[in-house]
Amino acid sequence: ATVRPCQRGMAGASEPVRAGLPPDEADDLRRRLRQHDQMYATMQQQGKPFDALEHLEKGLFVRKELYGPDHPEVGKVCQVFTTSCNTLAMNSLQRDNHLLAYELLKKAEILTSPSGYIMDKKMRMKLRAVTFNNFGCFYKRRGKLHAALQYLAKALKIELTSEEVDNPAGTHLNLCATLSQLGRHGPALEHAQCALELLEAMADSRERKG
């Protein structure tokens with residue numbers, strides 16, 4: 001399932017538009033934005049996540065034209081879109097739709113680059129780590145182990161320098177599996193031990209909170 005943006009948090013007609021935008025063009029962009037948001041919600045309700053994603057993407061770029069690339073609303077919707085791209089890419093990979101999985105991950109990679117629209121750097125790096133990890137899984141499944149290793153190493157590098165990460169243990173386990181397939185059992189074991197330590201630390205943390 002894709003992540004649904006908070007409808008009441010979306011920019012409305014009263015939101016200030018991009019400087020220099022002619023009123024008639026702004027009205028047309030607002031109309032298109034309403035249509036895409038409505039279709040996005042409808043496709044979500046009908047259980048059509050890929051159709052919903054298409055309207056979410058179109059709504060994102062209409063927002064950029066209407067409010068400017070630095071507007072918080074653009075960054076917020078970009079986060080939702082990037083998360084959805086990753087989720088649906090992994091769903092597609094499970095169904096052996098490799099081309100679609102690659103296209104979705106590539107979009108996520110572009111949008112989480114420094115030139116993307118996510119101004120919150122911590123969130124951007126968190127999503128970038130997720131995207132790199134998923135790219136690692138993608139290439140591992142395709143049997144391209146060296147490419148998988150490169151992406152997983154990129155994900156780990158981000159995770160080691162950021163507190164805003166979802167699953168660093170998972171990255172270590174993916175590295176362990178990939179290195180093992182390459183016959184590099186020593187480094188594979190090290191990553192397995194790192195994963196175990198992280199999982200134990202997470203379990204201890206949950207116990208203390210509980």
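Colleague: Hi! Which way does α6 cross α7, left-handed or right-handed?

Modeller: In this predicted model, the crossing of α6 past α7 is left-handed.

Colleague: And what angle do the two helices pack at?

Modeller: Helix α6, residues 145-160, packs against helix α7, residues 168-181, at about 155°. Their axes lie 10 Å apart.

Colleague: Why do α6 and α7 count as roughly antiparallel?

Modeller: Their packing angle is about 155°, and angles over 145 degrees count as roughly antiparallel, so α6 and α7 get that description.

Colleague: Which residues meet there?

Modeller: From α6, the contact takes in Leu 145, Ala 148, Leu 149, Leu 152, Ala 153, Ala 155, Leu 156 and Glu 159. Facing them in α7 are Pro 168, Thr 171, His 172, Asn 174, Leu 175, Thr 178, Leu 179 and Gln 181. Sorted by class, the contact of α6 with α7 has ten nonpolar residues, five polar and one charged.

Colleague: Switching to cysteines: how many disulfides are there?

Modeller: Zero disulfides in this structure. Take Cys 78, which is in no disulfide: the nearest cysteine sulfur belongs to Cys 85 and is 8.9 Å away.

Colleague: Is Cys 78 buried or exposed?

Modeller: Cys 78 has 0% relative accessibility, so it counts as buried. Cys 137 is partly exposed, with a relative accessible area of 23%.

Colleague: Now Lys 64. Where is that one?

Modeller: Lys 64 sits in helix α2, which covers residues 49-67.

Colleague: Buried or exposed, that lysine?

Modeller: Lys 64 counts as buried because its relative accessibility is 18%, and the cut-off for buried is under 20%.

Colleague: What does Lys 64 touch?

Modeller: Not counting residues up to four places away in sequence, Lys 64 touches Arg 18, Pro 69, Val 74 and Tyr 117.

Colleague: One more, Met 119. Where is it found?

Modeller: Met 119 is in the loop between α4 (98-111) and α5 (121-141). With 51% relative accessibility, Met 119 counts as exposed.

Colleague: And which residues is Met 119 in contact with?

Modeller: Leaving aside neighbours within four places in sequence, Met 119 is in contact with Pro 69 and Asp 70. Pro 69 is also one of the residues Lys 64 touches.

Colleague: How far is Met 119 from Pro 72, C-alpha to C-alpha?

Modeller: The C-alpha atoms of Met 119 and Pro 72 are separated by 7.9 Å, and the two residues are 47 apart along the chain.

Methods
Residues are numbered from 1 along each chain as its sequence is written. This is a predicted model: local features need pLDDT of at least 70, side-chain atom pairs count only at pLDDT 80 or more; totals for chains, interfaces and linings use all residues. Side-chain values use heavy atoms; hydrogens and water are left out. Axes are lines fitted to C-alpha atoms, for helices over the stretch in contact, and angles run from 0 to 180 degrees between N-to-C directions. Helices (H or I, at least four residues) and strands (E, at least two) are DSSP runs, numbered from the N terminus. Angles under 35 degrees count as roughly parallel, over 145 as roughly antiparallel, 65 to 115 as roughly perpendicular and the rest as oblique. A crossing is left-handed if the near helix is turned anticlockwise from the far one by less than a right angle, and right-handed if clockwise. Contact means heavy atoms within 4.5 Å. Ala, Val, Leu, Ile, Met, Phe, Trp, Tyr, Cys and Pro count as nonpolar, Asp, Glu, Lys and Arg as charged, and the others, Gly among them, as polar. Buried means under 20% relative accessible area, exposed over 50%, partly exposed in between (1.4 Å probe, protein chains only). A disulfide is a pair of cysteine sulfur atoms within 2.5 Å.
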